[in-house]
Amino acid sequence: MQNAPLVLASSSRFRQALLDRLQLPYQCHSPDIDETPLDNESPQALVHRLALSKANAVAERFPHHCIIGSDQIALFEGDILGKPHTSERARANLARFSGRKVTFLTGLALVDTRHQRHHVHIEPFEVVFRTLSEQEIERYVALEQPLDSAGSFRMEGLGITLFERLEGRDPNALIGLPLIALCDMLRHVGMNPLATSDATGPETLSAHD
């Protein structure tokens, strides 16, 4: 099957770097959605809805494409934690996580606008933090400024220094794009990364192009 154009509904450079690994041509377009949880919405329902909403938000612009949407939350002691947005919140989160286990849920959606179909998968992953000193937390947040990352760390950077161990199928999920699940979805729509020979690299579009 001839490859359909692929679109990543995200402006995240980290998700782009992950998708680059599959060596498929794609475009980027930033979705504009409200990420506020609904009343009494479960964590699983939240990441499912947001991942699908991100893909659907750009579907009208790309009527003959396969669109990838992804969203991530952290779960700790019954709390749903999104992006900290401030250094103070990031430090507070890491202090809470010290010596404890945190569960991450990453929602992944693939919307095929050619056939009006979609697939959604939720990838769980657990991180066990080592015991962190106040000085380590201060230095980590100052160096990496993980203000736009669920869990207040960046797995692809110094975040790895915070952990005792990782538990899960696909560590790429921690960076924001579960590649094992994505490859399975892509194969189902005829976009097997190992069966293509026309990869040309990504073309990035701004939200206003």
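Helix H1 (13–20) has Phe14, Arg15, Gln16, Leu18 and Leu19 as its buried residues, where buried means under 20% relative accessible area, exposed over 50% and partly exposed in between, with a 1.4 Å probe and protein chains only. Helices (H or I, at least four residues) and strands (E, at least two) are DSSP runs, numbered from the N terminus. The model is predicted: local features need pLDDT of at least 70, side-chain atom pairs count only at pLDDT 80 or more, and totals for chains, interfaces and linings use all residues. Residues are numbered from 1 along each chain as its sequence is written, and side-chain values use heavy atoms, with hydrogens and water left out. The N-terminal end of H1 is capped by serine 12, a side-chain oxygen of which lies 3.2 Å from the backbone nitrogen of phenylalanine 14.

The largest pocket holds about 650 Å³ of space. Its lining comprises 33 residues, and Arg15, Lys54, Lys83, Asp148 and Ala150 lie nearest the centre. Two or more lining residues come from each of helix H1, helix H2 (43–57), strand S3 (66–76), strand S4 (79–81) and helix H5 (172–175). A pocket is an open set of points on a 1 Å grid over the protein atoms alone, where a 1.4 Å probe fits, with protein on both sides within 12 Å along at least five of seven lines; lining residues have an atom within 4 Å of a point. Points are joined across faces, edges and corners, and the volume is the space filled by probe spheres set on them. By class, 15 lining residues are nonpolar, nine polar and nine charged; Ala, Val, Leu, Ile, Met, Phe, Trp, Tyr, Cys and Pro count as nonpolar, Asp, Glu, Lys and Arg as charged, and the others, Gly among them, as polar.

Strands S5 (residues 101–112) and S6 (residues 117–129) pair in the antiparallel sense over 12 bridges, pairing being assigned if DSSP finds at least two bridges between two strands. Aspartate 112 has arginine 117 of S6 as its bridge partner. Four residues separate the strands of this hairpin, and glutamine 116 takes a positive phi near 55 degrees there. Glutamine 116 is exposed, at 68% relative accessibility. S6 is also joined to strand S7 (residues 163–168) by five bridges, again in the antiparallel sense, with phenylalanine 125 opposite glycine 168 in S7.

A positive phi of about 70 degrees is also found at histidine 85, which is not a glycine. Histidine 85 lies in the loop between S4 and H3 and is exposed, with a relative accessible area of 54%. Most residues other than glycine have a negative phi.

Six aromatic pairs are counted, the rings of Phe, Tyr and Trp (its six-membered ring) being paired if their centres lie within 6.5 Å, with planes under 30 degrees apart stacked, over 60 edge-to-face and the rest tilted. The ring centres of phenylalanine 76 and phenylalanine 97 are 5.2 Å apart and the planes are at 70 degrees, so this pair is edge-to-face. Because phenylalanine 76 lies in strand S3 and phenylalanine 97 in helix H3 (residues 87–97), the pair ties together parts that are 21 residues apart in sequence. Phenylalanine 76 is buried at 2% relative accessible area, and phenylalanine 97 is buried at 0%. Phenylalanine 153 and phenylalanine 163 form an edge-to-face pair, 4.9 Å centre to centre with 80 degrees between the planes. Phe76, Phe97, Phe104, Phe129, Phe153 and Phe163 form one aromatic cluster.

Terms used: Polar contact = N/O pair within 3.5 Å; in protein donor to acceptor, adjacent residues only side chain to side chain.
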